[in-house]
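Subject: Handing over a structure

Dear colleague,

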Amino acid sequence: MADNILEVRHLKKYFNTPRGMLHAVDDVSFTIGYGKTLGVVGESGCGKSTTGRSILRLVEPTSGEVIFEGKDITKLSKREMKAMRKDMQIIFQDPFSSLDPRNTINQTLTETITANKILTNKAEVEDRVLELMETVGLAERLINTYPHELDGGRRQRIGIARALAMNPKFIVCDEPVSALDVSIQAQILNLLDELQDKLNLSYIFITHDLAVVNHFADEIAVMYLGQVVEKAPTEELFNHTLHPYTQALLSAIPIPEILDERPQILLQGEITSPINPPNECRFAKRCPHVCEECRKGAPPLREVSPGHFVACCKV
């Protein structure tokens with residue numbers, strides 16, 4: 001068996017707009033090992049969620065390859081892709097809008113199981129629903145409650161249970177805790193961690209919060225305007241940050257200390273438009289270290305030390 005469950009090669013997703021072609025995801029490549037988590041971080045609008053949805057073909061990629069367990073899923077038919085979705089699931093950011101408000105927990109999970117023919121026997125389906133609820137920490141007494149009767153944490157647990165109902169191997173976690181209170185965030189993160197150990201799940205964990213992903217991901221990919229600008233194992237990225245954009249993101253993480261003497265990097269300048277972007281470094285207009293070389297073309301993502309990749313001509 002190969003080491004990687006997923007390999008993304010030169011993934012692109014462009015949207016045609018009245019002003020031109022919007023480069024939402026532009027030549028993104030990475031791999032994820034079995035039972036591992038890749039954290040994808042960056043500002044709002046950098047292409048994190050579109051990357052996750054393109055991998056699952058919830059939006060169709062413009063070009064590139066998505067190799068899942070040796071098979072390029074971008075070439076699968078709709079029927080073949082439907083079967084593949086049992087192995088590839090998603091947990092959405094907003095637990096309320098991702099659930100049907102007319103369905104109880106029981107109806108939501110039962111529909112997922114029966115519609116995808118995971119189980120057909122009524123008694124087995126009922127047992128599986130109760131098992132899923134127990135797995136994600138939902139009390140049995142809540143089985144006939146509706147989403148509006150629950151808090152955000154319990155709603156997100158339903159979303160996790162719905163994903164687990166398919167017995168997946170890989171899950172895209174699209175900012176699954178950003179809409180939750182801090183105390184509830186910790187509970188959901190601990191649950192996802194426990195499920196990964198128990199079921200050997202592989203995750204893409206999409207977030208704008210580097211402090212969260214620091215404790216959750218094995219590797220981190222930093223995105224800026226549709227491109228990965230730095231990728232490394234988590235400890236390596238935090239200890240040896242190389243790209244100016246990543247350095248600015250890390251400097252903004254709040255530290256719970258009275259005397260925090262870290263200098264915060266305040267980025268200046270105009271953000272490059274993702275619509276028909278110029279052939280130069282996307283970060284050039286905001287970079288404090290910009291030089292003539294940055295204007296000659298987008299720097300490639302290159303390996304500067306084992307497992308540490310950076311797209312910057314100054315490194």
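A residue is called buried when its relative accessible area is under 20%, exposed when that area is over 50%, and partly exposed in between, with a 1.4 Å probe and protein chains only. Helices (H or I, at least four residues) and strands (E, at least two) are DSSP runs, numbered from the N terminus. This is a predicted model, in which local features need pLDDT of at least 70 and side-chain atom pairs count only at pLDDT 80 or more, while totals for chains, interfaces and linings use all residues. Residues are numbered from 1 along each chain as its sequence is written, and side-chain values use heavy atoms, with hydrogens and water left out.

Let me begin with helix 9. This helix, residues 244–251, is largely enclosed by the rest of the structure, because 7 of its 8 residues are buried. The buried residues of helix 9 are Pro244, Tyr245, Thr246, Ala248, Leu249, Leu250 and Ser251. What covers them includes helix 7 (210–214), strand 9 (219–224), strand 10 and helix 8 (234–239), where contact means heavy atoms within 4.5 Å.

Is Lys231 buried or exposed? With a relative accessibility of 7%, Lys231 counts as buried. Leaving aside residues up to four places away in sequence, Lys231 touches Phe30, Glu219, Ile220, Ala221, Gly307, His308 and Phe309.

Next come the helix pairs. Two packed helices are described by the angle between their axes and the distance between the axes. Here the axes are lines fitted to C-alpha atoms, for helices over the stretch in contact, and the angles run from 0 to 180 degrees between N-to-C directions. Angles under 35 degrees count as roughly parallel, over 145 as roughly antiparallel, 65 to 115 as roughly perpendicular and the rest as oblique. A crossing is left-handed if the near helix is turned anticlockwise from the far one by less than a right angle, and right-handed if clockwise.

The axes of helix 3 (residues 105–115) and helix 5 (residues 152–164) cross at roughly 20° and come within 9 Å, and helix 3 and helix 5 are therefore roughly parallel to each other. Their crossing is right-handed. Helix 3 contributes Ile105, Thr108, Leu109 and Thr112 to the contact, and helix 5 contributes Ile158, Ala161 and Arg162.

The crossing of helix 5 and helix 6 is right-handed. On the helix 5 side the contact is made by Gly153, Gln156, Arg157, Ile160 and Leu164, and on the helix 6 side by Ile184, Gln187, Ile188, Leu191, Leu192, Leu195 and Leu199. The residues of this contact between helix 5 and helix 6 divide into 8 nonpolar, 3 polar and 1 charged.

Now to the salt bridges. Side chains of opposite charge can pair when their charged atoms come close, and a salt bridge is a side-chain nitrogen of Lys or Arg within 4 Å of a carboxyl oxygen of Asp or Glu. How many salt bridges does the structure hold? There are 14 salt bridges in the structure. In one of them, Glu7 pairs with Arg9, with the closest N and O atoms 3.0 Å apart, and a network of salt bridges links Glu7, Arg9 and Glu65. Arg128 and Glu131 form a salt bridge as well (3.4 Å, N to O), and both lie in helix 4 (residues 122–135), 3 residues apart, about one turn of the helix. Arg128 counts as buried at 16% relative accessibility, whereas Glu131 is partly exposed at 43%.

Finally, Lys117, in the loop between helix 3 and helix 4, has a positive phi near 55° although this residue is not a glycine.

Best wishes

Technical notes
Nonpolar A, V, L, I, M, F, W, Y, C, P; charged D, E, K, R; others polar.
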